[in-house]
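Have the structure open beside you as you read.

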Amino acid sequence: MSAAEKTNLLNLDRQAMQDFFAAHGEKPFRATQVIQWIHQYGVDDFDAMTNLSKELRARLKAITEIRAPEIAQDQVAADGTRKWLLRLDDGNAIETVFIPEEDRGTLCVSSQVGCTLNCSFCSTGHQGFNRSLTVAEIISQLLVANRALGRAPKGERIITNVVLMGMGEPLLNFDNVVPAMRLMLDDYAYGLSRRRVTLSTAGVVPMMDRLREECPVSLAVSLHAPNDALRDQLVPLNKKYPIQELIEACRRYCADSPRSRVTFEYVMLDDVNDSVEHAHELVRILRDVPSKVNLIPFNSFPQTHYQRSSKPVIDRFRDVLIAAGLTTITRKTRGDDIDAACGQLAGQVQDRTRRRQRLTAGMD
């Protein structure tokens, strides 16, 4: 069997792995064993899976593989942020970022090669769009990062949080993102709690409702404007799902879980969306939503005309929100010296011509 015909086991979450083994006459517990070997122990050699019979190991070698993208570039910023460029089989490349902090280690994971949404302030959006990532390409980012960071099997967790905030709109790759997140949550894989896995969306409303039903992880919404006229300019998806629809979807998302709240991300753009009046507008639309607000100082990239709001302006904006009772923080910029900060991920997109086609297909 050629490599192209082999099943990459990284594409299978627990249910898919059980179905695979059942189709080959094996018991469901084999799925748990293999998932544990791959994701907890980082093993990609079937001969090392010693609790499997020699016959089963031989069959797996013949019909399956465990193949992750290769690291094409590994950069470390002055503040310890680390960025990997991962080379995919088709010549595209994606970027994954690890952000170490005193009390946590956060991995920022990509879900697509490029992005369909073309948000005007985001470098990824300017790269065009090629395709969505497979389950294997998404979960491999966690596997590869753990290896690169030197995590020992069953050792202390280095990556404590995962955010799907890298390249792409995760909800436009729902069918691959959800199985990957299920592996992140699986106690025999990465064992992260739902509050430590965050999906960030620009507001694909129907898929937000599906996410709530199928895999309700923490939710972040890229808002960036307090009214439709301005958000239409910054986040073109708003023309399809305007702010009122988006806010109602956020309320639904939290309805079944009284302790949950949505994180609203708001990039601070000088003289664009950072006035006191904008802050008061934001208070009005978020007043009844269980939420917190992350203010993100804009991170520049080539060919952009935007500038970062000054610190006094950001502080003034923040103080308006806090005075109104909204939990608000200003996100610290990390990794900007290696273009690893929010909005700077670019990767390498081979074919950038399919944005409109894919966006229409993803939202219909």
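The paragraphs below go from the sheet to the core and then to the loops.

Keep in mind that this is a predicted model.

Now zoom in on strand β6, residues 105-108. Strands of a sheet pair through backbone hydrogen bonds, and they can do so in parallel or antiparallel fashion. Here you can see both kinds around one strand. With β5 (residues 93-100), β6 runs antiparallel, and four bridges join the two. These strands form a hairpin with four residues between them, and F98 stands opposite L107 in β6. With β9 (residues 161-164), β6 runs parallel, joined by three bridges; in this pair C108 stands opposite V163. Which way do the residues of β6 point? G105 and L107 point one way, T106 and C108 the other, and all of them are buried.

Further along the sheet, β12 (residues 262-268) and β13 (residues 291-297) run parallel and are joined by seven bridges.

Next comes the packing. The largest nonpolar core has 105 residues, of which F121, M181, M184 and L211 touch the most other members. Helix α5 (residues 135-149) supplies the largest share of this core, with nine residues. M184 is worth a click: leaving aside neighbours within four places in sequence, its contacts include I138, I139 and L142, along with V162, L164 and Y190.

Finally, visit two loops. H224 lies between β11 (218-222) and α8 (228-234), while D271 is found between β12 and α10 (276-286). Neither is a glycine, but H224 has a positive phi of about 70° and D271 has a positive phi of about 60°. Are these two residues buried or exposed? Buried means under 20% relative accessible area, so H224, at 4% relative accessibility, counts as buried. Exposed means over 50%, so D271, at 69%, counts as exposed.

Methods
Residues numbered from 1 in each chain as written. Predicted model: local features only at pLDDT ≥ 70, side-chain atom pairs only at ≥ 80, totals over all residues. Heavy atoms only, no water. Pairing = 2+ DSSP bridges. Core = buried A, V, L, I, M, F, W, Y, C linked by side-chain atoms within 4.5 Å. Buried < 20%, exposed > 50% of the residue type's maximum accessible area, 1.4 Å probe, protein only. Contact = heavy atoms within 4.5 Å.
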